[in-house]
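Subject: Model for your files

Hello,

Here is the structure I promised to pass on. My notes on it follow below.

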Amino acid sequence: MRTGADYLASLKDERCIYIDGERVADVTSSSAFRNVAASMAGLFDFSGDPGNRELMTYETSEGGRANRIWQLPTTLAELQQRRKALEAWAGLHAGFMGRAPDHVASCVSGMVMGLDVFEAYDHARASALAEYYRFARDRDLYLTYVIINPQADRSKEAGQQADPFLTAGIVDRDASGITVRGAKMLATGGVIADEVFVSCIQPLAPGEERYALSFAVPMNARGLTMLSRKSYERAAGSVFDNPLSSRYDENDSVLYFEDVHVPWERVFVHGDVAMCQKQFHATPCHVYQNYQAMVRLSVKLRFLVGLGHRIAEINGVTAFPQVREILGQLAAEAAMVDALVTAIEVKGSMAGGYFVPDRHTLYTAQVLTQQLYPKVLNTLRELAGGGMIMLPSSAADFADPAIAALIDRTQRSPSSASRDRVKFYKLAWDAVGSEFGSRHHQYEMFYAGATFVTKGHSFRTYDWSAADRLVQTMLNSYQLDIAERPAAVA
Ligand SMILES: Cc1cc2nc3c(=O)[nH]c(=O)nc-3n(C[C@H](O)[C@H](O)[C@H](O)COP(=O)(O)OP(=O)(O)OC[C@H]3O[C@@H](n4cnc5c(N)ncnc54)[C@H](O)[C@@H]3O)c2cc1C
């Protein structure tokens, strides 16, 4: 199994990242990324720990063990065993690393479970995908993805934008592969990933074939530039002041492909708008990637509910009936998401020899949690009042004994010592209100697409006929017949 040290060593590969006006020389030592890289290394150390062998690894069909994130479940029991591995990893970061390696591993594994769809499209592309899956699995690679075209004018197709090369598209093909030019949003984890899967999940119109692509390249591919957003890790005062931002800011970046050459053995779709959609929706890909996201989110909500409970204890309000009501609501909301994860699993079914989570229950969970996450954050704000703000400016304030004594006197709680109160509320603010917390608010609303997209998936996959049958049965049970009018309305 890959160790954290192996992973960190592999990041020193001259990838091209720009942040704050400078090119990053080494992500593992950059003040913008080094802590999150170390956190990611911690995931690899955990899965490679011999004590976690059964929990985190499985025997592949070719022999040898691999990280469970690559497992292709053939039964419900295997799916649930795999989920325990995803949960254990999410528990290491309380669900705050949305694009940890298990997300895109789930996406690529889902594509491979639907290899027949690729075979029907093009045998060579199917072979490329199957080989790439084995390549990534056997090296336990950390993949991220960019599957959305950059925002510019959303009322226009990619090819109708003022710059037709804004969106990444194929500009050349030769015997060795394709050449790609243009941009993609938004590579979460891109700065610390090994490779990126690039495609287009947005429906493309006929004529937009150039943008219908699907391939994978290493983050140091020649011509690939990452334009990083602000680093919350770099802006964090200290781990004590920003315990989440300082360690779990996986970052997001715009990727620009300046005539990047992709060899055929890494190209899975090219120039086919229908196949670009099918790779996600006619295979278990979309379901598997978003099922992973829901498992992660269930862990995160448990953490947030824990914050709510602790806020009430620290403020001495747990016994108030109104506060118990708020906590009861929060608990019910977290438990609902746990129950949805279970339902997604047990309502799953076999497809092509694999056990696939239930599509519509997954989309139900997506639609509801996009609305739930902001509501939970708001509830935590409501519980906390000024507690998350009534805090010393930074850990440095404790260095002066006189100021530290004043802090100790003014930070009071019936359940915790002054410094523990400060420690807790800084954590709560980082999760709820800091720039990092705010980015998570946006992430949970959009990682799976805007709400019109997720509701569209729910609309498409719901069993309307069962609902319509009930309506029709009721309609069939009475007629417009004056003689049958009930006496009460006669
Ligand atoms: C924090 C964060 C991390 C992300 N990480 C990744 C990543 O790792 N990989 C990746 O590929 N993507 C990533 N994304 C991108 C994400 O997938 C998109 O944000 C999402 O798909 C929505 O697309 P958009 O942002 O272009 O919003 P848009 O599609 O432009 O939608 C924004 C709003 O505009 C309106 N709107 C736009 N178009 C329509 C329409 N056709 N009909 C009706 N209303 C419309 C709606 O009100 C909608 O809510 C990330 C996004 C965020 C915020």
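Leu186 sits in the loop that joins β7 (177-184) to β8 (195-199); strands (E, at least two residues) and helices (H or I, at least four) are DSSP runs numbered from the N terminus. The peptide bond from Met185 to Leu186 is cis, with omega near 0 degrees. Asp20 is not a glycine, yet its phi is positive, near 50 degrees. Most residues other than glycine have a negative phi, and most peptide bonds are trans.

This is a predicted model, in which local features need pLDDT of at least 70 and side-chain atom pairs pLDDT 80 or more, while totals for chains, interfaces and linings use all residues. Residues are numbered from 1 along each chain as its sequence is written, and side-chain values use heavy atoms, with hydrogens and water left out.

Now the ligand. Its shell holds 19 residues, the closest being Tyr145, Ile147, Arg154, Leu186 and Thr188; a residue counts if one of its heavy atoms lies within 4 Å. The shell divides into 11 nonpolar, 4 polar and 4 charged residues, where Ala, Val, Leu, Ile, Met, Phe, Trp, Tyr, Cys and Pro are nonpolar, Asp, Glu, Lys and Arg charged, and the others, Gly among them, polar. β5 (143-146) and α16 (435-446) each supply at least two of the shell residues, and α16 gives the largest share, 4 residues. Because domain 1 (4-281) and domain 2 (285-465) both contribute to the shell, the ligand lies between them; the domain bounds come from an automatic or database assignment.

- Arg154, through a polar side-chain atom, at 2.5 Å
- Ile147, through a backbone N or O atom, at 2.8 Å
- Met185, also through a backbone N or O atom, at 3.4 Å

The protein covers 71% of the 950 Å² of accessible area that the ligand has on its own (Shrake-Rupley method, 1.4 Å probe).

Regards

Definitions and conventions. A polar contact is a pair of N or O atoms within 3.5 Å; within protein, one must be able to donate a hydrogen and the other to accept it, and residues adjacent in sequence count only if both atoms are side-chain atoms.
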